[in-house]
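Here are my notes on the model you sent. Please read them with the structure open.

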Amino acid sequence: MLDLIVRGRIVTPEGIIENGWVAVSDGRIEAVGTGQAPDAAQIHDAGQSYVMPGVVDGQTHAGSYLGLSGIEPTTRSAIAGGVTTIVDMPYDNPEPLSTPAHLAAKVEAIGRYAHTDVALYATVMPSQPIDDIKALADSGVVAFKISAFESSPTRFPRIDAGLTLDLLDALATTDLPVGLHNEDQEIVRSRIGRARGGGQDGIAVHSQSRPPAAELASTAHFLELAATTGAHAHIVHISLPRGFRLVENYRRDGFRATGETCVHYFWFDPERDGAELGARMKVNPPIRPGMKDALWSEVLSGRVAFVSSDHSSWPIDNKFTDTIFDAGAGVPGMETLLPAFYTVAKAKGADAIRLTVEQLCERPARFFGLSPRKGAIVAGADADLTIFEEADVVWDAGKAEDGLRWSPYDGRRFAGRVAGTFLAGRLAYDGTRVLNRPGDGRYAERGPSSWFTGETDQ
């Protein structure tokens, strides 16, 4: 007998199955169908709600504040947000994931703390021998990440062009993307110094002090370095439509280039929201004025590889500083990624559930080599399922599972809510409470799926 049948409006790669069902056995999807379902030990009836794949959030920062123990509140929040796999960045406190020893420690922490499955980025440090890269790749990391801007010399350093080229060379024969935090350090520091010297402050000045030139110049420089090696260059958070045009130019020339954006760039504008939110909407690269509609057009064009949360687990005190330049950059976003993206898609008149599943599930799963185990409701995949109910909901950050008690989305109205989350066929969130426990999640290693071929490697 099967373990579980989940009924509802099943969102599959081929379309929505009305009055459908998903059959689960041993944590995997056994079959998908409509009408009379097979017998099972348990039945979960989602009614008219959508049954969609668990979200794969392609950019999170679980350990940036609390260290590896931060995996617990981040993944608890994720499971409540319908996110069943996070792809976590390497910039943990006090030092980033850059060696096999660091990787082993983080994998052990996943086994102790995680409510969801966790895939991992790795990085390199300045002057680090390049030898560790192969060992990290062989141990299942899904991508590498570096930064052109130094937020911290130990936790978030700048990687110079020479080491960047070495890393790209080392990974050129693999399918692992190399992601870039794309801000030119010299431009940003000069413009911040100029703004400080002129007594300027506030969220509007934040965008001006990290101008489009800093983002676009860094993007173009990295894309050209990668093109000379043949490596897969990925820009992890593009805030300007022109950034996607640059990426597309390289892709059309035959190079492996992709770009990603984050859901907050579709929601906020410093000219409209800055007076209310101030540093609560500070991220890097900045949320720029007048860009929401143009960035959305990039999603519809297909030039956006996928959309992520860029969740950062900063306490609100990190935002209360004397100037905008000293406030922490980043916002919590685990529980708001899915409803926020769906709300924008619906308001724009798109096929909201289809576009949501494409951008938040299917595409990131394939990008990080997690497909076909993740990202789609198909036979053989992990039974990671999210029940998403269309509803008029006002977000209350005080009830979030991340423990932070703040969010730029607080008081915003969403067009849907997560009514349940299954991880490996077990109900982990019932729409009200997180039911699973720390350690129920697993380390998700990169598999053989390839972004550029859409098929497994030979």
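This is a predicted model: local features need pLDDT of at least 70, side-chain atom pairs count only at pLDDT 80 or more; totals for chains, interfaces and linings use all residues.

1. The largest nonpolar core has 108 residues. Met52, Phe144, Val263, Phe266 and Phe341 are the members that touch the most others in that core. In soluble globular proteins, nonpolar side chains tend to be buried together.

2. Phe144 can be followed residue by residue. Leaving out residues up to four places away in sequence, Phe144 touches Tyr121, Ala122, Thr123, Ile133, Leu136, Leu167, Leu171, Leu176, Pro177, Val178 and Gly179.

3. There are zero disulfides in the structure. The cysteine sulfur closest to that of Cys262 belongs to Cys361 and is 16 Å away, so the two are too far apart for a bond. A disulfide would need the sulfur atoms within 2.5 Å. Cys262 is buried, at a relative accessible area of 0%. Cys361 is also buried, with a relative accessibility of 0%.

4. Helix H4 spans residues 161–171, and its buried residues are Leu163, Thr164, Leu167, Leu168 and Leu171. Viewed down the helix axis, these residues fall within an arc of 140°, so they line one face of H4. They pack against helices H3 (132–138) and H7 (212–229) and against strands S8 (143–147) and S9 (177–181).

5. The N-terminal end of H4 is capped by Asp160. A side-chain oxygen of Asp160 lies 3.1 Å from the backbone nitrogen of Gly162.

Notes: Residues are numbered from 1 along each chain as its sequence is written. Side-chain values use heavy atoms; hydrogens and water are left out. A nonpolar core is a set of buried Ala, Val, Leu, Ile, Met, Phe, Trp, Tyr and Cys residues joined through side-chain atoms within 4.5 Å. Buried means under 20% relative accessible area, exposed over 50%, partly exposed in between (1.4 Å probe, protein chains only). Contact means heavy atoms within 4.5 Å. Helices (H or I, at least four residues) and strands (E, at least two) are DSSP runs, numbered from the N terminus. The arc is that of the directions from the helix axis to the C-beta atoms. A polar contact is a pair of N or O atoms within 3.5 Å; within protein, one must be able to donate a hydrogen and the other to accept it, and residues adjacent in sequence count only if both atoms are side-chain atoms.
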